[in-house]
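Good morning, and thank you for coming.

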Amino acid sequence: MRSAALTLDRVSERVPLSSRSSSLHWLWLLSRDSGALVGGSIVLAVLLLALFGPSLTGYDPFRAEPFNRLLAPSSSHWLGTDALGRDELTRMLYGARISLLVGLGTTLASTLLGGLVGLIAGYFRAVDGLLMRIMDGLMAFPSILLAVAIMAVRGPSVENVILAITVTTVPRLARLIRGQVLVTRELAYVEAATAVGAKPWQILIRHILPNSFSPLIIQGSFTFAVAVVTEASLSFLGAGVPPQQPTWGNMLQEGMAMMTVAPWVSVFPGLALAITVLGLNLLGDGLRDSLDPRIGEVSA
């Protein structure tokens with residue numbers, strides 16, 4: 001027992017220093033990743049445009065002007081107008097707010113719930129089977145069909161879109177964290193903590209949870225991208241955000257019938273969606289490469 005206590009003390013003394021040095025190391029690696037820098041710049045630009053863009057264009061994204069319907073891109077309307085004469089640029093920038101809100105809300109909710117389920121399932125073997133069978137049941141349905149079913153029951157709203165996408169993403173995060181916990185709980189310092197009588201919640205918070213931050217951060221960036229695409233898909237199918245709200249999915253749906261006469265109505269929102277998802281994926285790849293210790297060793 002005394003030997004186990006000494007082992008735990010030594011490990012506990014080393015972990016904070018290692019955590020600080022590794023944090024600086026992965027930030028340094030991230031700053032050297034050109035893809036991550038490009039992706040981060042794109043995401044930052046989209047965020048700034050979503051926050052300040054609609055107020056700078058001078059147009060109301062909801063106000064219809066029938067005399068200006070389906071105007072081609074010009075100096076007065078940089079991206080043209082839609083079938084009701086509304087400025088496309090203003091609506092696209094306003095739609096970015098909803099896309100980012102859905103992405104952020106889904107990422108936070110699914111990370112919290114998926115991380116919690118994964119920690120509990122990986123550490124407490126008694127409930128592992130039950131929780132994983134529930135997760136398997138959710139994963140058995142195609143994600144988009146499950147999300148559409150939830151929206152059909154709950155009704156169209158931003159909050160329900162976040163709920164629907166969260167339900168479809170939690171199982172994958174839970175399985176990811178469960179696998180991480182199964183590996184971490186067998187490490188020497190966790191066994192030492194168990195041997196000296198540390199309570200399960202202390203072991204989870206002090207020793208296992210810190211080792212799960214890296215996969216959560218990496219997966220979070222990809223979850224954000226998936227949420228943005230899924231929200232656009234649901235809105236395009238008429239099962240997402242209410243049609244009166246200017247979102248990229250709604251704009252794509254509105255412009256689908258006008259591709260031959262006014263392609264700009266759907267082309268520009270599609271490009272915005274593709275560029276945003278590209279930026280999120282590049283940032284996620286950079287986070288993955290910088291947080292992976294094996295890649296860090298190779299780079300060193």
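Helix 9 crosses helix 10 in a right-handed manner; a crossing is right-handed if the near helix is turned clockwise from the far one by less than a right angle, and left-handed if anticlockwise. Helices here are DSSP runs of H or I with at least four residues, numbered from the N terminus.

The model is predicted, so I note that local features need pLDDT of at least 70, side-chain atom pairs count only at pLDDT 80 or more, and totals for chains, interfaces and linings use all residues. Residues are numbered from 1 along each chain as its sequence is written, and side-chain values use heavy atoms, with hydrogens and water left out.

Axes are lines fitted to C-alpha atoms over the stretch in contact, and angles run from 0 to 180 degrees between N-to-C directions. Contact, meaning heavy atoms within 4.5 Å, involves Val228, Ala232, Ser235 and Phe236 of helix 9 and, from helix 10, Trp248, Gly249, Asn250, Leu252, Gln253 and Met256.

The second pair is helix 7 (residues 188-195) and helix 8 (residues 200-208), whose axes come within 11 Å and cross at roughly 155°. Helix 7 is therefore roughly antiparallel to helix 8, and their crossing is right-handed. Tyr189, Val190, Ala193 and Thr194 of helix 7 meet Ile203, His207 and Ile208 of helix 8.

Which helices each supply at least two residues of the lining of the second largest pocket? They are helix 2, helix 3, helix 9 (213-236) and helix 11 (264-291). Helix 3 provides the largest share, six residues. The pocket holds about 340 Å³ of space, and of its 15 lining residues the closest to its centre are Val43, Leu100, Leu104, Phe224 and Leu280. A pocket is, on a 1 Å grid over the protein atoms alone, an open set of points where a 1.4 Å probe fits, with protein on both sides within 12 Å along at least five of seven lines; lining residues have an atom within 4 Å of a point. Its volume is the space filled by probe spheres set on the points, which are joined across faces, edges and corners.

Definitions and conventions: Parallel < 35°, antiparallel > 145°, perpendicular 65-115°, else oblique.
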